[in-house]
Structure formats: C-alpha cells, structure tokens
Amino acid sequence: MTREVSVELQNVDKIYDTAKVVDGINLTIDKGEVFVLIGPSGCGKTTTLKLINQLIPHTSGTILVNGEDVTKLDAVGLRRSIGYVIQYIGLLPHLTIEENITFVLQLLKRPKKEQHERALELVETVGLPVEYLKRFPRELSGGQQQRVGVARALAGDPQILLMDEPFGAVDPLTREQLQNELLSLQEAIQKTIVFVTHDMQEAFKIGNRVGIMREGKLVALGSPMEIINSSDEFVRNFIGHGALFDALNSIPVKQVLSKDIPTAREGETLTDKTAKNGWENIFLLNDQGVCLGYVPVENLDSTRTISSRNMVPLPRGCSPDLSIKRAVEEMLYNGRAWIPVASEDNVFQGVVTFQSCANLQT
Amino acid sequence: MEAIIEFFQYFWEIRANVLVMAGRHAWMSLAGVFLGTLTAVPMGIFVSRKPKLSSYTIDIAGMLYTIPSLAVLGFFLPFLGLGWAPAIAALIIYSWLPVLRNTCTGITGVDASIIEAAKGMGATPFQMLVRVELPLAMPIIMAAIRTVTVLTVGITTMASLVGAGGMGELIFQGISMMDNGMILAGTIPVSLMALFFDQVLGLLERKLQNITGVA
C-alpha cells in the first residue's frame, strides 16, 4: 500500500515575542488516517492544528498540505478546502441549521439548489432529523450542535478535517456516542483527520496514530500501543498508570486477533500429529465461513477425520470491534483462555486469546 | 376644564402652522439621525478593529456629547450660517456617540468561537463583516439608533434658535411670551413624535431580530 501524505510539517516553529509555542515540529500525516495530537494545556497542540489551516501563521519551517506549501496558497481558499471543528462549536446563532451547514458553500457562492441538497444529505450523515434544518442552533442540545458542527465541516467535501477538542464541551455519555459516530463516519468517508484532545482515552480510541506534545515539542509519536510502551518518563507520567487499562477499554480485539489458527472443513483429516501453531483445537467451518464448533485434537479417532460428530459447540463469541477489556472479561467469566471472534454476518475471523492480549505490550 | 378647552381651541386655530413646523422638525431630526448613523456605523466598524483607537474614539465622542446643544449649534454658525445646516450638523454629532459605541461593542462582543469558526471555514474579512459580525451586532446597533432618535427629536427643538424652524419656534416663542398654551402646543407634538418614531423603530428592531434570530 502506498502512503499518500496529506499534511506535512517540516521543522515548524511558532514564536510569539520570545515564547516558542511550537518548537521544531516534524510530522507527516497520511491520507485517510486519524492523527491525534495530545498533551497538557499550553503544550502547543491547538496552535499546531491552527498552523495547518493558517489561522495562525508559522514563524519558520514548511507546512505542506497535499504537497503544496501553505504560504504559497491563498489562506481563504486553503481554509475553505479544509473542514474545521472547534470545541465551542461556534454555530452562527442568527442562521438556521441548514444555513449553518451550508455556510462554506455560501461563501463559495454555490447554487442554492446544491446547497439544499447537500444540507439534506449531511443532516442525515450526522444522524439528525431533517426537520432540524429549519431550527436555530439555540434550540439544539450541545451534542446535537456539535453534530451540526461536524456536518458543517464536511459540507465542502474537504479531504482534511481539523478537529480541535470537538467533544470537549459535551457530557461523557454524549462524548462517547459522538466518538463512536465519528469512527463509523470515518469508515465511510475516509478523510484525513487531525484531532486535538487532552483526553488520553479519547486519543487511544480515535487515533490511528497519536502524537504527544510538551512545551511545543513533539515528544512521542506512534500507534496507541507504541505510546503505551514508550519508555520516556514524561510520556509514561502523562498517560498515567491506568493507561493500559484505558487502552484496553478503547482498543478493539481485532488488533490482537489470532488469525493463524487451525481451521478445517467437514471431512478433512489432520495429517500432522498436532494442529498448527500448537493448538489443541481445530475450528470447523462451513462453506460460508461460519464456524460451527471446534474439534479437540484428543477427540479425533484413528482416521483423524474432522467432522461435526466429534465437535464441541462454540462458546459465545464477540465482534472484532469489541474492546479488549470486554473480551478479557468474557474469558474470565467463562473460565477459558480464548473466545471466538465473528463478524456481523457470522463469518469466523479468528480467536482472541489471553496470550494474544498479554502480548499486546510487546 | 375650561383651560383645556381653551388650549384645544387655540391648537385648532394654529393647526396649519403646527403641521408645517412639525414636518420641518421631523425631517431635520430624521436627517440628523440618518446621516449620523451613516457616518457612525462605518466609524464603529473601523475602530472595532483597533482596540486602542476604539477607546480614544469613544472618549472623544463622549466629550462631544457633554457639550451643551446650544453651544454646538453656536459653534457651527460661523461656518454654516443660519438655517437647517448648522442644526443638522449638530444633530449628526449628537448621534455619533451612542451609535459609534454600540456598533463597536456589538462587533467586538461577537463570541470569539463564532469568529474563529467562520474564519476557519474560509470567510473573507468582508464576508465575516456582512454575514457574521453585522447581523449579530444588529440588535445592539438598532438599540442605539432608537435611543438616538428619541434624543434627537428633543434636541431638534433647539434648532429654532439658529433659525432652522421646527417645533422649537412655538416653544421658545411661548417661553418669551410666558404663554403656557403655546409652550404646550409645541411640546406635546414633539413628545408624540418621539414616541411614534420609537415605536416604529421598535417594530423594525423586532423584525430584524426575527431575521437574524438573535434575541
């Protein structure tokens, strides 16, 4: 798979008077990834975000958006091509939800009909009823307003979305819901998202990669697991001791899925002495890839035929999107070291084992 | 009772004169407010961009406001002569402070997150002004225009002292003749006029609020 770079920061500094707010940041953000910037207050994460759409001009260094130097682009045009969502939402109180959603299109002077169609489409995308288009922002709850904020950012169909603590001002329950919606939305739209937060759990949940900032510097960069395994003392202190548990709560089991496990169709025979990778069980699949049950190797007779006759029913499984924490809970509850994983249409994906969860950190 | 009937009889006799004077009074007031607003709103927008300048400008406009209206009228006499010109010039200056100040506070008072969001979405400075700042500042600007209109209708009374006419003619003549009836015949229409303009502008204000959706 070729990596397509969406945003690139090369040695970027931002200096206010004497304070170096952003200090020599080097960063490449790939197309279609969710990149989370996290750090304590005043670490420069929001400033870094705003450098990308040039709401704040950088002092030195180079910022490339889709390969083009932002200082050579028209700032207004650049901002119109990048979606922008902020914590305090900033809906225009004098405009209806529809007019808010289509604000960028109005700025671009697109035809009225196109604007209306786009508003209809987007209000549905973010899961709000169509009647809401006629309402005013003050008539909506905080969570609904931020949904409009997201819809508005998507109106111009930008390739890049900048989100500055977008769920910081809503209650925890709504926040989790909005996070889940963003994740499923992202599966469909595949935008490049740069997301700023100070909530570690949110970072692990949303981010494909996470960058930790401190005093204007990027001190750690990597996948959530790489961050958790960091030996850097600041990073360890910042993410806290509960980080691993937090991460288990937000990392889906598909990241620790054992796929290389013995499977067989009805009537196949086991020629080796043991099943592959030392498994003691062989998983019996039908033609649709649905797992019917498993056959313990010790149950095999002399013909070593794998059939549903010597099969043991499968324990309750889980979906690949379930969190590792829940999967471990399930194992503990059932008293077994593994549980099967199946997709929504019941197709067998593999199993998640205690061991594979324990290996997460290595 | 008799006095009241007598007053109405007197008023009826001079009704044609009152109508002419009221008409002149009204157009001078409105011209003053209109031209004052027309100059003060752009000034307010301009100074709202510059926090330091805005405090100086509002101070200066405030100082102008403390000068007695008669003195302002007198000040313009050497330049503009007698008649409606010095009167309207004075009225313009009197409209400046409230409209300038409210335009400035209205614009600077727009929620920073709204400005940031609009800027982040790529609004040009002009689009920001027309689509975001002015609509949101409109109720505050309108409130100033209302206040100014009522005040101006009152101040226009002084215009008769520089030969500009208006209801002041009747009032000041009444004062010099110690004729209460004449004073009232001048004062009551002025008050009614102020009330009327205030109501009309109030209606306009509510209409604008409905359009802009800002309460």
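Read along the sequence, chain B follows the pattern α-α-α-α-α-α-α-α-α. Keep in mind as you explore that this is a predicted model.

**Chain B**

- Chain B has nine helices and zero strands.
- Taken along the principal axes, the box filled by the C-alpha atoms of chain B is roughly 70 × 40 × 20 Å.
- Of the 215 residues in chain B, 39% are buried.

**A sheet in chain A**

- In chain A, four strands make an open sheet with antiparallel pairing, and their order is 2-1-4-5.
- Strand 2 (19–30) and strand 5 (68–69) of chain A are at the edges with a single partner strand each, so one side of each has no neighbour in the sheet.
- Five bridges link strand 1 (residues 5–16) of chain A to strand 4 (residues 60–65) of chain A, and this pair is antiparallel.
- To find a spot in strand 4 of chain A, look for A:Val65, which stands opposite A:Val7.
- Helix 1 (residues 45–52) of chain A lies across strand 1, strand 2 and strand 4 of chain A, and it runs at about 60 degrees to strand 2 of chain A.

**Where the chains touch**

- Chain A gives 18 residues to the contact, and chain B gives 17 residues.
- On the side of chain A that touches chain B, the elements giving two or more residues are helix 2 (75–80), strand 6 (82–86) and helix 4 (103–107) of chain A.
- Helix 2 of chain A supplies the largest share of that side, with four residues.
- Sorted by class, the side of chain A that touches chain B holds 12 nonpolar, four polar and two charged residues.

**Nonpolar cores**

- In soluble globular proteins, nonpolar side chains tend to be buried together.
- Here, the largest nonpolar core has 135 residues, and A:Val194 and B:Ala87 have the most contacts inside it.
- Helix 5 (residues 84–108) of chain B provides the largest share of this core, 14 residues.
- Leaving aside neighbours within four places in sequence, the contacts of A:Val194 include A:Val7, A:Ile29, A:Phe35 and A:Leu162.
- Another core, of nine residues, lies apart from the largest one, and among its members are B:Leu170, B:Ile171, B:Ala185 and B:Met193.

Key. Residues are numbered from 1 along each chain as its sequence is written. Chains are lettered from A and ligands numbered from 1 in the order in which they are written. This is a predicted model: local features need pLDDT of at least 70, side-chain atom pairs count only at pLDDT 80 or more; totals for chains, interfaces and linings use all residues. Two strands pair if DSSP finds at least two bridges between them. Two residues are in contact if their C-beta atoms, placed from the backbone, lie within 7 Å. Axes are lines fitted to C-alpha atoms, for helices over the stretch in contact, and angles run from 0 to 180 degrees between N-to-C directions. A residue is buried if 20 or more other C-beta atoms lie within 10 Å of its own, exposed if 12 or fewer, and partly exposed in between; C-beta atoms are placed from the backbone. Ala, Val, Leu, Ile, Met, Phe, Trp, Tyr, Cys and Pro count as nonpolar, Asp, Glu, Lys and Arg as charged, and the others, Gly among them, as polar. A nonpolar core is a set of buried Ala, Val, Leu, Ile, Met, Phe, Trp, Tyr and Cys residues joined through C-beta atoms within 7 Å.
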